[in-house]
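Welcome, and thanks for taking a look. Here is a short tour of the ligand surroundings, the strands and the helices, arranged by topic.

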Amino acid sequence: MPVDLERQRAVCAALRAFMPARNVLFEREDVTPYECDGLSAYRQPPMVVALPENESQVCEILETCHAMRVPVVARGAGTGLSGGALPLGNGVLLSLAKLKNILAIDAPARTARVQPGVRNLAISEAAAPHGLYYAPDPSSQIACSIGGNVAENSGGVHCLKYGLTVHNILKLRVATIEGEIVELGGGGLDAAGYDLMALLTGSEGLLGVVTEITVKLLPRPECAQVVLAAFDDVGAAGEAVANVIAAGIIPAGMEMMDQPATLAVEPFVNAGYPTDAAGILLCESDGTREEVADEIARIEKIMQDSGAHLVRVSRDEAERLKFWAGRKAAFPAVGRLSPDYYCMDGTIPRRRLAEVLRGIAAMEKNYGLRCANVFHAGDGNLHPLILYDANDPGQLQRAELFGAEILKLCIDVGGTITGEHGVGVEKIDSMCVQFGAAELEALHALKRAFDEHELLNPGKAVPTLHRCAEFGRMHVHSGAEKFPELPRF
Amino acid sequence: MQTNLADFIRDTPQGREAEAILRKCVHCGFCTATCPTYQLLGDELDGPRGRIYLMKQVLEGEAATEKTRLHLDRCLTCRACETTCPSGVQYGRLLDIGRAVVAKQVPRAGLDKLRRDTLASVLPRPALFNPLLGLGRIARNLLPKVLDDVVPETPSRARPWPLGGHARRMLLLDGCVQPALSPATNAAAARVLDRLGISLVRAPGAGCCGAVAFHLDAQDKALDAMRHNIDIWWPHVEQGAEALLFTASGCGVMISDYGHLLAHDPAYAERAKRIAALACDLGMIIEKEKSQLKQILISNPPRGKFVFHPPCSLQHGLKLKGRVETLLGELGFELAPVADSHLCCGSAGTYSILQPEISVQLQRNKIAALTASAPAQILTANIGCQTHLQSATRLPVRHWIEAVDDLLSEVH
Ligand SMILES: Cc1cc2nc3c(=O)[nH]c(=O)nc-3n(C[C@H](O)[C@H](O)[C@H](O)COP(=O)(O)OP(=O)(O)OC[C@H]3O[C@@H](n4cnc5c(N)ncnc54)[C@H](O)[C@@H]3O)c2cc1C
Ligand code: SF4
Ligand code: SF4
């Protein structure tokens, strides 16, 4: 779609009335680097990029766009994996990256008040001198913004024990599309009325723009250690996970990586992962020294009994962090194996892991593409990373078909398609399958209550009924629905 | 990442290298987190991922303008992004290629050109630089604020060079600005090595490693400087110099790249490779000999609190993160931890002169982080960082080898 130059000029002029010209980008050269987030297969340069420096500019931008009926897409750090921050060719991309101040740390109350562009990890770094940290740790935590975390309700390797973003925030300031600030949450644990803060969390920028977040901080555990266990057979690793849970242990984090993933990441972190193993498990225990010593011993034994050929315990804090650093770098590290990757997101019953991985291995042959797997073992969330080369015509399409077949397999073994990485544009058609017309209509009504003219991130997360109808027709015509067996919620 | 390079560059060695690098980037954005300019400015275009994208556009045939050039100019070449990148994207190499293409498409003019040309011709030549530096010192009260800050106070005095004569010999890269700005450094290196039974030899006639010109859009000039140095050093190499040692990590990074940069020059490729392989950071030599040194220092251990500023060229360029710190710790130095030690101090070669605003902000942040623990001295390993930091603090900022030499000179 060619840019409507007249409109672009008008919008820029309106924005420059209250923002310095250097923070309003519109030339092709300047806006193209903003054309995608962490999912670079989907690209669209925005008409205008606005870089506000404070909350009142955010409000003025929204007010202006509302008055001119220009759609707005919010962007944090652009690490999203579902195209949530994919711009619109006729819209404004509103970057929150300049709002990166930590406004206050209240150590006695164990809270921090931060702007939306603050990096997730920066909060924990700032809280560290007080012996505190912010618990949700998405693998992208070094770079992703807390505003983006709220918009995606992000989880991390420690969410098994400490919950998702929504469980770790207390209060939000949100700018509405009219440019007004509302404060949500903040009361005691159980405030009266609708929990609008929870509603906003995970709303992918469709309901409002988060301008300030008050997060909970937790005291650093006195002690934390990770068990690294290596298996010759990923099935045994899956069993080990189930055995840990069955023993009544709730690890602080439990993750699996298969051999292609460890091979990709080891040269980067030098964590000492055994790269000859078919798969490795990382299992963390935290708490008091005695608790940890006791739990680690139990975990070690379970791993051995489940057939691990090597079991190591992190010797010190540096090694513990290294073990996790490798897991957290796994997605981008596969860039060492292949120019592009397509990250899938499904949930499976833990005991079916081996079967699913075998299925994926068979598909690798069928599609002629490789696949590395990382697995949030604790909650059964599987991330197959399909490796492809975007320069080779047809490979992306093959990767997408491969992905669809993986998701189908997840459903077949009794799992679901999840949205840990959000729906964005990437999984929007799956929403048609998961939700019926009435539910989708309710979601749209909810959106209209916040955003009458559907200007905030339109076209993402919740498909239009029209789109679903098209999608349904397409699949019925081609003889099969994409996921006919998918449970409908 | 998908790529489609334009005809003008696709089939050249640079084009092939750039394409391979671009394709490795998976656009995850991790690198933005440790990029000093992105952290200050909060614009994708001033971070590594955005700069990679800007270069990709140019290499794919989009016309560059001053703006792309500005965003590339604002890059410190600190290469923190490389340390952070899990995918192994060699950003620094891509930048060398991208900058050269952009400089050709959008030639510099006016004051910008004049400033760069002057720096490129003065800094690498001690014969010109030394007298000018003297003038600068005398004239400091007359200088505009920006330049005033980059001309350092009188340097600390050098102790005498040892007599030498050991069987083990290493060649020293003299450096172009360091002997004038900090004559004590190389002397200290020679004295410490002398105690360890190694003679440090200088090769008269060798000049700047090439870094100054290389990063000022004068890559051809830089390559000539490299060839000249190779000619001067080669006889020493043939006579069995064990290593080519540098005390400024900024120069070290450049020399370690000789092999790569001259790979397409048949007359020099082999020797360049050999020289690059011989190049060695002073810290790594001392690391090998540390048990001897520890023995000597038992009778005179370090006292007081120090902090270490790891130059970007040391930690991100030469990938020696943490090594010198560990070494100093083993030698008995008490090093206080420093926040954000992965971030650049803003010196970055000639950056402090060309991008003063960003440079000063980074300098301020760095001094605050370094002085938070109230140390007695700031130690570092690169002349650029040393003078840049010194201009903003009263605490002594020195090459770490000088602190070691202090202790050794008290033990006889
Ligand atoms: C290597 C890698 C690993 C990852 N690992 C994980 C993981 O372990 N767990 C996980 O949950 N996710 C993970 N992600 C996905 C991603 O990092 C998260 O979704 C993150 O929360 C996105 O934050 P961001 O600041 O980059 O947001 P962006 O990508 O910029 O935006 C994401 C969405 O949030 C909206 N948005 C951003 N800021 C605001 C705001 N202030 N107000 C309103 N809406 C806003 C955008 O419109 C968009 O819809 C990973 C991504 C990568 C690249
Ligand atoms: S960290 Fe590496 S792969 Fe990720 S965006 Fe930066 S350069 Fe690209
Ligand atoms: S070299 Fe330094 S300044 Fe340049 S993009 Fe990388 S991290 Fe940023």
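Predicted model: local features only at pLDDT ≥ 70, side-chain atom pairs only at ≥ 80, totals over all residues.

## Briefing

In β7(B), Ile378(B) is the residue that Val307(B) stands opposite.

**The parallel sheet of chain B**

- Strand β5 (residues 305-308) and strand β7 (residues 377-380) of chain B run parallel and are joined by three bridges.
- These two belong to an open sheet of four strands, with the order β6-β5-β7-β8 in chain B and parallel pairing.
- At the edges of the sheet are β6 (334-335) and β8 (397-399) of chain B, each of which pairs on one side only.

- Strand β19 (residues 381-388) of chain A is largely enclosed by the rest of the structure, because eight of its eight residues are buried.
- In a regular strand, side chains alternate between the two faces of the sheet.
- One side of β19(A) carries Asn381(A), His383(A), Leu385(A) and Leu387(A), while the other carries Leu382(A), Pro384(A), Ile386(A) and Tyr388(A); all of them are buried, and both faces are covered.
- Strand β18 (residues 371-376) of chain A pairs with β19(A) in the antiparallel sense, over six bridges.
- Within that pairing, Asn381(A) in β19(A) has His376(A) standing opposite.
- The two strands β18(A) and β19(A) make a hairpin with four residues between them, and Gly380(A) in the turn has a positive phi of about 70 degrees.
- Strand β16 (residues 340-343) of chain A also pairs with β19(A) in the antiparallel sense, here over four bridges.
- Asp340(A) has Tyr388(A) as its bridge partner in β19(A).
- Strand β17 (residues 346-347) of chain A runs antiparallel to β19(A), and two bridges join them.
- Asn381(A) in β19(A) is the residue that Thr347(A) stands opposite.

**Ligand 1, between the chains**

- Ligand 1 is found between chains A and B.
- There are 36 residues around ligand 1, of which Ala74(A), Gly76(A), Thr79(A), Ser140(A) and Ser145(A) come nearest.
- From Ser145(A), a polar side-chain atom lies 2.6 Å from an oxygen atom of ligand 1.
- Ala74(A) has a backbone N or O atom 2.7 Å from an oxygen atom of ligand 1.
- For Glu204(A), a backbone N or O atom lies 3.3 Å from an oxygen atom of ligand 1.
- The protein buries 100% of the 980 Å² that ligand 1 exposes when taken alone.

- Around ligand 2 are Cys25(B), Val26(B), His27(B), Cys28(B), Gly29(B), Phe30(B), Cys31(B), Arg49(B), Ile52(B), Cys85(B), Ser87(B) and Val89(B).
- By class, the shell of ligand 2 has eight nonpolar residues, three polar and one charged.
- Around ligand 3 are Cys35(B), Pro36(B), Pro48(B), Arg51(B), Cys75(B), Leu76(B), Thr77(B), Cys78(B), Arg79(B), Ala80(B), Cys81(B) and Tyr91(B).
- The shell of ligand 3 divides into nine nonpolar, one polar and two charged residues.
- Helices α4 (48-59) and α6 (80-84) of chain B each contribute at least two residues to the shell around ligand 3.

**Helices of chain B**

- Helix α8 (residues 110-122) of chain B has 13 residues and reaches 18 Å from its first C-alpha to its last, close to the 18 Å expected at 1.5 Å a residue.
- In α8(B), the buried residues are Arg116(B), Leu119(B), Ala120(B) and Val122(B).
- Helix α15 (residues 249-256) of chain B is mostly covered, with six of its eight residues buried.
- Those buried residues of α15(B) are Ser249(B), Cys251(B), Gly252(B), Val253(B), Met254(B) and Ile255(B).

- Gly235(A) sits in helix α8 (residues 234-246) of chain A.
- The relative accessibility of Gly235(A) is 13%, so it counts as buried.
- Although 122 residues apart in sequence, Gly235(A) and Leu357(A) are 8.4 Å apart in space, C-alpha to C-alpha.
- Ile383(B) belongs to helix α24 (residues 383-390) of chain B.
- With a relative accessibility of 7%, Ile383(B) counts as buried.
- Ile383(B) and His260(B) are 123 residues apart in sequence, and their C-alpha atoms are 24 Å apart in space.

Notes:
Residues numbered from 1 in each chain as written. Chains lettered and ligands numbered in written order. Heavy atoms only, no water. Near = heavy atom within 4 Å. Nonpolar A, V, L, I, M, F, W, Y, C, P; charged D, E, K, R; others polar. Expected span 1.5 Å × (residues − 1). Buried < 20%, exposed > 50% of the residue type's maximum accessible area, 1.4 Å probe, protein only. Pairing = 2+ DSSP bridges. Polar contact = N/O pair within 3.5 Å; in protein donor to acceptor, adjacent residues only side chain to side chain. Areas by Shrake-Rupley, 256 points an atom, 1.4 Å probe, with all protein chains shown as cover.
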